[in-house]
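User: I would like to go through this model with you. Could we begin with the strands and then turn to the helices?

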Amino acid sequence: MGFVRVSPVGGWDIQILLGQRVVVHSHTGPVPGVIARKPIHLLDPDERKTVPKMKDLVVDIGSATEAETRQIVRIGDMVTPEPCLRELRNGRLAGVAMDDRVGIWVILQALKLVAARKSAARVVAVSTVQEEIGLRGAITSAYSVNPQIGIAVDVTHATDCPGIDQNEFGRIELGKGPVIVRGPNVNPGVFELLMQLAEQHGIPVQVGALGYPASNDGAAIQISRGGCATGLVAIPNRYMHSPVEVVAESDFRDAARLIAEFCLAVDSISTFVLSET
Ligand SMILES: [Zn+2]
């Protein structure tokens, strides 16, 4: 029949995947497909109540036979959701992989802003690979760049949508500015300087607390080699790891401005050790 079976790379919610348009990245080029499930009419009462398992998922590429599929798709080919971007009201954008395309946009924009002025620090922007499967690109990049200070830019959960308990996850809203994270993964001096610069330049920010290493590149950067003064700047994101992740444009513009100001503010005597007084 020519269907393709899949297993997840990174964190996927099967309920989100059902009914999606996807692309199989094959040696013959991108192959369009859809993720299928039998129609509701044909589900028995028990099936209607249960969530299918990842092993039940199939991609339909329109192939008529197994032989046809095998000519086009090889075992191990990657499958991704179809790229999309939808502009919503109030400068909000919905699309696939905002996590972490917005991070790349932020560091590139920050780099442009820094380049237009004069910085005492050497500033390096890195777009890391394989963050979702063990921060692997951050580990090698932090080792190679060997920075004294590192700022990880990622998305964080916006909690301003139905079903999320703000008592448990904090109040993080779209359009209220990037989130500056505080906690053991973050150097207190880097946090304070980010806060101070935000205030000085009128950049709106929100603060998030995290009691454990972040599940992003910041965790790897902080313990690279002999340690690195690490900061975390996060863009609020609704519906993370879905093809319709929603972010606010103003948040990532503000994040870029803040990171640029930070890069311009540090120099060779910036130590990021807080005095005890
Ligand atoms: Zn992610």
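User: How many bridges join β2 to β3?
Analyst: Six bridges join strand β2 (residues 21–26) to strand β3 (residues 29–36), and the two run antiparallel. Strands pair if DSSP finds at least two bridges between them, and strands are DSSP E runs of at least two residues, numbered from the N terminus. This is a predicted model, in which local features need pLDDT of at least 70, side-chain atom pairs count only at pLDDT 80 or more, and totals for chains, interfaces and linings use all residues. Residues are numbered from 1 along each chain as its sequence is written.

User: What stands opposite His-25?
Analyst: Pro-30 in β3 does. β2 and β3 form a hairpin, with two residues between them.

User: And how does β3 pair with β4?
Analyst: β3 pairs with β4 (residues 58–60) in the antiparallel sense, over three bridges. Val-34 stands opposite Asp-60 in β4.

User: Now Pro-45: buried or exposed?
Analyst: Pro-45 is exposed, because 6 other C-beta atoms lie within 10 Å; the cut-offs are 12 or fewer for exposed, 20 or more for buried and partly exposed in between, with C-beta atoms placed from the backbone. Pro-45 is found in helix α2 (residues 45–49), helices being DSSP H or I runs of at least four residues.

User: Which residues of α7 meet α9?
Analyst: Leu-193, Leu-194, Leu-197 and Ala-198 in α7 meet Leu-258, Glu-261, Phe-262 and Ala-265 in α9. Contact requires C-beta atoms, placed from the backbone, within 7 Å.

Notes
Contact = placed C-beta atoms within 7 Å.
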